[in-house]
Amino acid sequence: VALSMVLNCEGDAVRRGAMIMGAVEMVREGGLILISMPKACLDNSRFCSQRVLLGQLKKLALKARRVINTRSLTLLVLQKKHRASNVTDATATNDTRLAHIKTHISEKKMGGVVQAG
């Protein structure tokens, strides 16, 4: 799965997170995710350095196989780790995060109005 020059185009952090989580859902265990973005996005951010981003991706069971920084681009080649035979706490946490992100996006689309169930 490739997220090439798209994360930096989304202004909302929650929606950027949803893009990454969507990629994680799509790729098989052992599969690759490619993320490319302008190097300046991480160099100039007050909130997210390359180190912070890689740490967050690690929490999503993604291992950085290759990190390439050119003068103008950052390229991350990530591999989805294989799960243990039983469901781990990390997997359950990722599922909870994904559900929270989806709920947040749905609420934004509805203008913040959530109907009582």
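**View 1. Glycine 17 in helix H1.** Glycine 17 is part of helix H1, residues 13-26. Helices are DSSP runs of H or I with at least four residues, strands are runs of E with at least two, and both are numbered from the N terminus. The model is predicted: local features need pLDDT of at least 70, side-chain atom pairs count only at pLDDT 80 or more, and totals for chains, interfaces and linings use all residues. Residues are numbered from 1 along each chain as its sequence is written, and side-chain values use heavy atoms, with hydrogens and water left out. Glycine 17 is partly exposed, at 21% relative accessibility. Here, buried means under 20% relative accessible area, exposed over 50%, and partly exposed in between (1.4 Å probe, protein chains only). Leucine 7 is 10 residues from glycine 17 in sequence. The C-alpha atoms of the two residues are 8.8 Å apart in space.

**View 2. Methionine 5 in the loop between E1 and H1.** The loop between strand E1 (2-4) and H1 holds methionine 5. Its phi is positive, near 60°, in a residue other than glycine. Methionine 5 has a relative accessible area of 35%, so it counts as partly exposed.

**View 3. Alanine 61 in the loop between H3 and E3.** Alanine 61 sits between helix H3 (50-59) and E3, in the loop. The relative accessible area of alanine 61 is 26%, which means partly exposed.

**View 4. Lysine 63 and a patch of positive charge.** On the surface, Lys58, Lys63, Arg65 and Lys81 gather in a patch of positive charge. Such patches take residues with over 30% relative accessible area and no salt bridge, and join like charges within 9 Å. A salt bridge is a side-chain nitrogen of Lys or Arg within 4 Å of a carboxyl oxygen of Asp or Glu. Each charge is placed at NZ of Lys or CZ of Arg. Lysine 63 belongs to strand E3, residues 62-69. It is partly exposed, with 40% relative accessible area.

View 5. A disulfide is counted when a pair of cysteine sulfur atoms lies within 2.5 Å. The count is zero disulfides. The sulfur of cysteine 9 is too far for a bond, because the closest cysteine sulfur, in cysteine 41, is 8.3 Å away. Cysteine 41 is likewise in no disulfide. Cysteine 9 is exposed at 62% relative accessibility, whereas cysteine 41 is partly exposed at 32%.

Technical notes: Patch = residues over 30% accessible without salt bridge, like charges linked within 9 Å, V, L, I, M, F, W, Y side chains within 5 Å. Areas by Shrake-Rupley, 256 points an atom, 1.4 Å probe, with all protein chains shown as cover. Lys, Arg positive; Asp, Glu negative; His and termini not counted.
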